[in-house]
Amino acid sequence: MFLKVSGDDRELHLSIRLQRQMCIRNWTNKNTLDSNQAFELKATVSGSGKLNTLTLPSLKAPSTLEVYAPERTENLRTRASGISGSISETYIVIPQYKGSYPIRPITFSYFNPATERYQSIASSDIIITVA
C-alpha cells in the first residue's frame, strides 16, 4: 500500500495492491440544512481482496465546514476464497455559514489481478446547501 500526492490541488490517491473488486460511494443524511446544523457524511468502500489493510483517504471539505474525526465501521468476512465486505467512515460535519459547499470525491487506485492492471475508482460529488 502506498500514498501518492499529485497536482497543484494536492489530491490524495490511495493505492492498494492485490484487490479483486472494489466500489466506493459517498452518502449524506441531509443535502439542505441551516447553518450550525450538523449532518453525517459517510464514505463506504466495498469489495473483495485485502480490505483489512485499507485506509480511506481523508475527506476533502471546504474550510468553512467543521469536520470531526470519523467513526470507522468494518463489516468483513474471511473465507477460503479471501476477504470481502465493506469499510465505512462516518463524519459529523457542521457548516458555519450560508452557501453551497461541494464535497470532493474520494479517489483511489488498486491493482486488479484479474485484469493485471491498476484501476481507479471515485465516489460522487456531493453538494451541501446551507440556508
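Visitor: Which residues does S88 touch, not counting residues up to four places away in sequence?

Guide: This is a predicted model, in which local features need pLDDT of at least 70, side-chain atom pairs count only at pLDDT 80 or more, and totals for chains, interfaces and linings use all residues. Residues are numbered from 1 along each chain as its sequence is written, and side-chain values use heavy atoms, with hydrogens and water left out. With contact taken as heavy atoms within 4.5 Å, and with residues up to four places away in sequence not counted, S88 touches K42, A43, T44, E71, R72 and T73.

Visitor: Is S88 buried or exposed?

Guide: S88 lies in strand β8, where helices (H or I, at least four residues) and strands (E, at least two) are DSSP runs numbered from the N terminus. Buried means under 20% relative accessible area, exposed means over 50%, and partly exposed lies in between, with a 1.4 Å probe and protein chains only. Since the relative accessible area of S88 is 7%, S88 counts as buried.

Visitor: With the side chain of which residue does the side chain of S88 make a polar contact?

Guide: A polar contact is a pair of N or O atoms within 3.5 Å; within protein, one must be able to donate a hydrogen and the other to accept it, and residues adjacent in sequence count only if both atoms are side-chain atoms. At 2.9 Å, the side chain of S88 makes such a contact with the side chain of T44.

Visitor: How many bridges join strand β7 to strand β8?

Guide: Two strands pair if DSSP finds at least two bridges between them. β7 and β8 form a hairpin with 2 residues between them, and R79 stands opposite G82 in β8. Strand β7 (residues 71-79) and strand β8 (residues 82-95) run antiparallel, and the number of bridges joining them is 9.

Visitor: How many residues apart in sequence are the parts that E89 and R72 tie together?

Guide: A salt bridge is a side-chain nitrogen of Lys or Arg within 4 Å of a carboxyl oxygen of Asp or Glu, and the side chains of E89 and R72 meet in one at 3.4 Å, N to O. E89 lies in strand β8 and R72 in strand β7, so the parts this pair ties together are separated in sequence by 17 residues.
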